[in-house]
Amino acid sequence: MAHDVSPTARALLALEVIQNRPGITADQLGERLGVSERAARRYVAILREADLPIESVSGPHGGYRVGRGLRLPPLMFTAAEALGLVMAVLEGHRPAASPADLVGGALAKIVRVLPQRIAGPVRAVSEVWAPGPVPHPPPAVTSTSRVSPELTSQLIEACTAASRLRLEYRMGRGPDSEMEVDPWAVVLRHSRWYLLAWSHPKQAVRVLRVDRIVRAAVMPETFTPPPDLDALRTLEEHLSQGWTYPVDVLVDATVEETARWLPRSLARLEPEDDRTRLRASTDDPDWYARQLAAIPAPFRVIGSPEVQRAMAAVGRELIQASGAEAPA
């Protein structure tokens with residue numbers, strides 16, 4: 001433990017250790033604090049002078065414990081603990097991103113009392129996440145896709161400091177890949193965490209799954225983030241690309257109108273005269289066809305045979321639901 005920690009800070013740490021390990025001895029407490037047994041006893045004395053009920057239990061299994069009547073001090077979180085709490089809440093309760101939500105309000109109270117060094121990364125995560133649909137069914141979150149709060153905290157700190165990272169990245173079934181990136185933002189999207197970054201090997205924007213980052217090392221180089229970066233918009237636009245089946249759709253409506261009906265993650269919208277061209281890709285044409293069916297304007301699927309077949313199947317289902325006979 002660093003030697004520049006104040007006696008008061010050490011005493012508060014001693015209190016936290018005693019609360020977590022009732023019956024801890026002075027020798028064990030000293031080991032946890034990185035000080036001598038005598039110094040540990042001195043910190044216990046400081047707590048008692050502050051009228052905190054630290055009791056000594058005699059006998060072979062005795063030690064220190066917190067007695068009754070203790071009024072707890074403010075909660076103390078490490079950066080990883082605070083971030084892990086926010087990550088778990090957002091993954092399990094999506095409305096928690098809003099302070100108007102009951103759980104979200106409680107979470108906001110916790111964030112407000114955190115030191116700025118810890119609260120900054122926590123706010124960065126809670127503010128940059130999106131609960132909307134993606135261009136394929138949402139992935140199941142398994143034990144192998146869960147991310148480490150410590151790693152996520154490291155990534156967010158690198159984003160904040162604009163420090164380049166060297167990543168070891170798991171590429172599916174292939175060998176791990178090393179890459180240098182400029183980390184722009186960490187974003188939670190549909191219960192999956194992503195790192196939005198500029199890849200130096202690819203010389204392109206990359207969206208990396210945080211659960212596939214094996215390790216990250218901070219490099220001495222820094223970078224200048226893009227001005228007025230909309231991390232969520234950039235992430236969503238990239239999520240609509242790179243899947244198995246291409247999507248090409250022409251909508252009889254302007255880009256402004258179409259943008260009101262479709263989330264950014266579903267497709268990239270391009271103006272074409274007074275109409276809109278949807279360019280995207282998907283792993284599930286049947287699911288994508290159902291999303292297209294909700295567009296309240298005429299449209300035509302072009303150059304996407306898998307989506308065309310799926311769209312035809314949706315059309316037959318709608319005709320059957322109407323009670324009319326499907327065309328031969």
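Colleague: Which residues are linked in a network of salt bridges?
Modeller: This is a predicted model, so read every value as computed. The network links D248, R268, E270, E272, R277 and R279.

Colleague: Let's take the pairs inside it. How far apart are the closest N and O atoms of D248 and R279?
Modeller: They are 3.7 Å apart, and the two residues form a salt bridge. D248 lies in strand 9 (residues 245-251) and R279 in strand 11 (residues 275-282). The pair links distant parts of the chain, 31 residues apart.

Colleague: Is D248 buried or exposed?
Modeller: D248 is buried, because its relative accessible area is 14% and the cut-off is under 20%. R279 counts as partly exposed, at 29% relative accessibility.

Colleague: And which residue does R277 meet in a salt bridge?
Modeller: R277 meets E272, side chain to side chain, at 2.8 Å from N to O. R277 is buried, with a relative accessible area of 15%. E272 counts as partly exposed at 25%.

Colleague: How many salt bridges does a search of the whole structure find?
Modeller: It finds 14. One of them joins the side chains of D182 and R164, at 3.3 Å from N to O. D182 sits in strand 5 (residues 177-189) and R164 in strand 4 (residues 163-169), 18 residues apart.

Colleague: Are D182 and R164 buried or exposed?
Modeller: D182 is buried, and R164 is buried too.

Colleague: Now the overall picture. How many helices and strands does the protein chain have?
Modeller: It has 11 helices and 12 strands. The chain has 328 residues, and 40% of them count as buried. Take contacts between residues at least 6 apart in sequence: 60% of those join residues at least 24 apart.

Colleague: On to helix packing. At what angle do helix 2 and helix 3 cross?
Modeller: Helix 2 (residues 26-33) and helix 3 (residues 37-49) cross at roughly 95 degrees, and their axes come within 8 Å. The two helices are therefore roughly perpendicular to each other.

Colleague: Which residues make the contact?
Modeller: Helix 2 brings A26, D27, L29, G30 and L33. Helix 3 brings E37, A40, R41, Y43 and V44. By type, these divide into 6 nonpolar, 1 polar and 3 charged.

Colleague: What about helix 1 and helix 3: at what angle do they pack?
Modeller: The angle is about 90 degrees, with the axes 9 Å apart. Helix 1 (residues 7-20) and helix 3 are therefore roughly perpendicular as well. Helix 1 makes the contact with P7, R10, A11, A14, L15 and I18. On the helix 3 side, the residues are Y43, V44, I46 and L47.

Colleague: How do the residues of that contact divide?
Modeller: Into 9 nonpolar, no polar and 1 charged.

Colleague: Last topic, helix 7. How far does helix 7 reach from its first C-alpha to its last?
Modeller: Helix 7 (residues 149-161) reaches 18 Å with 13 residues. That is close to the 18 Å expected at 1.5 Å a residue.

Colleague: Which of its residues are buried?
Modeller: In helix 7, the buried ones are L151, T152, S153, L155, I156, A158 and C159.

Colleague: And what follows helix 7?
Modeller: A162 follows helix 7, and its phi is positive, near 55 degrees.

Notes:
Residues are numbered from 1 along each chain as its sequence is written. This is a predicted model: local features need pLDDT of at least 70, side-chain atom pairs count only at pLDDT 80 or more; totals for chains, interfaces and linings use all residues. Side-chain values use heavy atoms; hydrogens and water are left out. Axes are lines fitted to C-alpha atoms, for helices over the stretch in contact, and angles run from 0 to 180 degrees between N-to-C directions. Helices (H or I, at least four residues) and strands (E, at least two) are DSSP runs, numbered from the N terminus. Angles under 35 degrees count as roughly parallel, over 145 as roughly antiparallel, 65 to 115 as roughly perpendicular and the rest as oblique. Contact means heavy atoms within 4.5 Å. Ala, Val, Leu, Ile, Met, Phe, Trp, Tyr, Cys and Pro count as nonpolar, Asp, Glu, Lys and Arg as charged, and the others, Gly among them, as polar. A salt bridge is a side-chain nitrogen of Lys or Arg within 4 Å of a carboxyl oxygen of Asp or Glu. Buried means under 20% relative accessible area, exposed over 50%, partly exposed in between (1.4 Å probe, protein chains only). The expected span of a helix is 1.5 Å times one less than its number of residues.
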